[in-house]
Amino acid sequence: MTNKTKKYIFAFVLFILMGGVYAGIMSIGNRYLRTHDLLNPYVKGMFTFILCMGIYFIYRWFSKRLDKISKTQ
């Protein structure tokens, strides 16, 4: 395996890990609000928006990382 391939695999594993941890934290927050009857449609919409934006930023980081790896010699 070449050095580039190892970097690609490491970036992908980090991408999956970051997405999973972020989604887990959001899930725990959602469960907490649901348990204490604090979840209304407005909060649910905000949670969805924050989750989507977080996943988008993680994906953007991943894309930049792949571009950076592909440009190295």
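Visitor: Which residues of helix 2 are buried?

Guide: This is a predicted model. As a general idea, an α-helix has 3.6 residues a turn, so residues three or four places apart point the same way. In helix 2 the buried residues are Val 43, Phe 47, Gly 54, Ile 58, Phe 62 and Ile 69. The cover over these buried residues includes helix 1.

Visitor: What span does helix 2 reach from its first C-alpha to its last?

Guide: The 31 residues of helix 2 reach 45 Å, close to the 45 Å expected at 1.5 Å a residue.

Visitor: What does Met 18 touch?

Guide: Leaving out residues up to four places away in sequence, Met 18 touches Ile 58 and Trp 61. Met 18 sits in helix 1. Met 18 has a relative accessible area of 29%, so it is classed as partly exposed.

Visitor: How many aromatic pairs are there?

Guide: A pair of aromatic rings is described by the distance of the centres and the angle of the planes. Here the count comes to five aromatic pairs. One of them joins Phe 15 and Tyr 59: the ring centres are 6.5 Å apart and the planes lie at 65 degrees, so this pair is edge-to-face, the cut-off for that class being over 60. The pair links distant parts of the chain, with Phe 15 in helix 1 and Tyr 59 in helix 2, 44 residues apart. Tyr 59 is partly exposed, at a relative accessible area of 47%.

Visitor: Which residues do ring pairs link into a cluster?

Guide: The cluster is made of Phe 12, Phe 15, Tyr 59 and Phe 62. Phe 62 is also among the buried residues of helix 2.

Visitor: Which residues make the nonpolar surface patch?

Guide: Tyr 42, Met 46, Phe 49, Ile 50, Met 53, Tyr 56 and Phe 57 make a nonpolar surface patch of about 710 Å². Take Met 46, which belongs to helix 2, residues 41-71. Its relative accessibility is 35%, so Met 46 counts as partly exposed; patch residues need over 30%.

Visitor: Now the backbone. What is the phi of Asp 37?

Guide: Asp 37 has a positive phi, about 55 degrees, although this residue is not a glycine. Asp 37 lies in the loop between helix 1 (3-35) and helix 2.

Visitor: Is Asp 37 buried or exposed?

Guide: Asp 37 is exposed, because its relative accessible area is 71% and the class begins over 50%.

Technical notes: Residues numbered from 1 in each chain as written. Predicted model: local features only at pLDDT ≥ 70, side-chain atom pairs only at ≥ 80, totals over all residues. Heavy atoms only, no water. Patch = residues over 30% accessible without salt bridge, like charges linked within 9 Å, V, L, I, M, F, W, Y side chains within 5 Å. Areas by Shrake-Rupley, 256 points an atom, 1.4 Å probe, with all protein chains shown as cover. Salt bridge = Lys/Arg side-chain N within 4 Å of Asp/Glu carboxyl O. Helix = DSSP H or I, 4+ residues; strand = E, 2+ residues; numbered from the N terminus. Buried < 20%, exposed > 50% of the residue type's maximum accessible area, 1.4 Å probe, protein only. Phe/Tyr/Trp six-rings, centres within 6.5 Å; stacked < 30°, edge-to-face > 60°. Expected span 1.5 Å × (residues − 1). Contact = heavy atoms within 4.5 Å.
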